[in-house]
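Work through the exercises below with the model open. Try each task before reading its solution.

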Amino acid sequence: MLHYHTIPVTAFQQNCSLVWCDQTLEAAVIDPGGDLDHILAQAQHLGVTLKAIWLTHAHIDHAGGTGELARRLDLPIVGPQEGDQFWIDGLPQQSTMFGFPPALPFTPTRWLQDGDTVTIGQETVHVRHCPGHTPGHVVFHAPQIQRCFVGDVLFAGSIGRTDFPQGNHMQLIDSITQRLWPMGDETVFIPGHGPESTFGRERRSNPYVGGT
Ligand SMILES: [Zn+2]
């Protein structure tokens, strides 16, 4: 069985999530944007062992702590899709611009592609490429618990910004309607910021993608 616990980190209150397999107590951390000591304390409290870093995209509030955490614990960095290379390259400038601690540079151990799977312990999670907010944005879908970790693609009542370099509004709408909606109305999604919701609720009431 897969479990998860969400930890808001950084001044942006970004929803970093620990996901773990209860057979092995091995965990992946999705989007360690910062506040690493807090994340590690939560992992210890939960009794899980960190085995990997999974990234949805390379904005500073999602990826800022990645290089340091990978170095400290010798963890593989999985994702995002390689369209986000320029955002990874820009992390030092992003950290200065947004008042973050200096971000250590890193290279993903493994880039992700649409349709890939990632594993933690005995659990498998499915990867979908959902560009639009950033070109290399991916989401992590765990159908066995009807959950999806969507980063900044979709929020409760809103959608991701597309006014950054290589943002694309139509691509984002397509990602949401073609790749997230088919996961099912009952699927609960964990967005990069703010509360959880379901795809069904957003299909009905989200002002940006409702009725699609
Ligand atoms: Zn973002």
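## Exercise 1: the five-strand sheet

An open sheet is built from 5 strands, ordered S1-S2-S3-S4-S5, with mixed pairing. S1 and strand S5 (77-78) are its edges; each has a single partner strand, so one side of each lacks a neighbour in the sheet. The model is a predicted one: local features need pLDDT of at least 70, side-chain atom pairs count only at pLDDT 80 or more, and totals for chains, interfaces and linings use all residues. Residues are numbered from 1 along each chain as its sequence is written.

Two terms are needed here. Helices (H or I, at least four residues) and strands (E, at least two) are DSSP runs, numbered from the N terminus. Strands pair if DSSP finds at least two bridges between them.

**Task.** How do S4 and S5 run, parallel or antiparallel, and how many bridges join them?

**Solution.** 
1. Find the link: 2 bridges join S4 to S5.
2. Read the direction: S4 and S5 run parallel.

## Exercise 2: the faces of H1

**Task.** Which residues of helix H1 (residues 36-46) are buried, and what do they pack against?

**Solution.** 
1. Set the cut-offs. A residue is buried if 20 or more other C-beta atoms lie within 10 Å of its own, exposed if 12 or fewer, and partly exposed in between; C-beta atoms are placed from the backbone.
2. Leu36, Ile39 and Ala43 are buried.
3. Look down the axis of H1. The buried residues fall within an arc of 65 degrees, so they line one face of the helix. The arc is that of the directions from the helix axis to the C-beta atoms.
4. Recall the geometry: an α-helix has 3.6 residues a turn, so residues three or four places apart point the same way.
5. Turn to the face away from the buried side of H1. Asp37, Ala41, Gln44 and His45 are exposed there.
6. The buried residues of H1 pack against strands S1 (2-9), S2 (14-21), S3 (26-30) and S4 (49-54), and against helix H3 (66-73).
7. Glycine 47 follows H1, with a positive phi near 75 degrees.

## Exercise 3: H6 and histidine 169

**Task.** Is histidine 169 buried, partly exposed or exposed, and which residues of H6 are buried?

**Solution.** 
1. Histidine 169 is in helix H6 (residues 169-180).
2. Histidine 169 counts as partly exposed because it has 15 C-beta neighbours inside 10 Å.
3. Beyond its neighbours within four places in sequence, histidine 169 is in contact (C-beta atoms, placed from the backbone, within 7 Å) with Gly132 and Thr162.
4. In H6, the buried residues are Leu172, Ser175, Ile176 and Leu180. They fall within an arc of 90 degrees seen down the axis of H6, so they line one face.
5. Met170 and Gln178 are exposed on the other side of H6.
6. The cover over the buried residues of H6 includes strand S9 (147-151), strand S10 (154-155), strand S11 (158-159) and helix H7 (199-205).

## Exercise 4: the whole chain

**Task.** How many helices and strands does the chain have, and what share of its residues is buried?

**Solution.** 
1. The chain has 7 helices and 13 strands.
2. Of its 212 residues, 46% count as buried.
3. The C-alpha trace spans about 45 × 40 × 30 Å along its principal axes.

Notes. Two residues are in contact if their C-beta atoms, placed from the backbone, lie within 7 Å.
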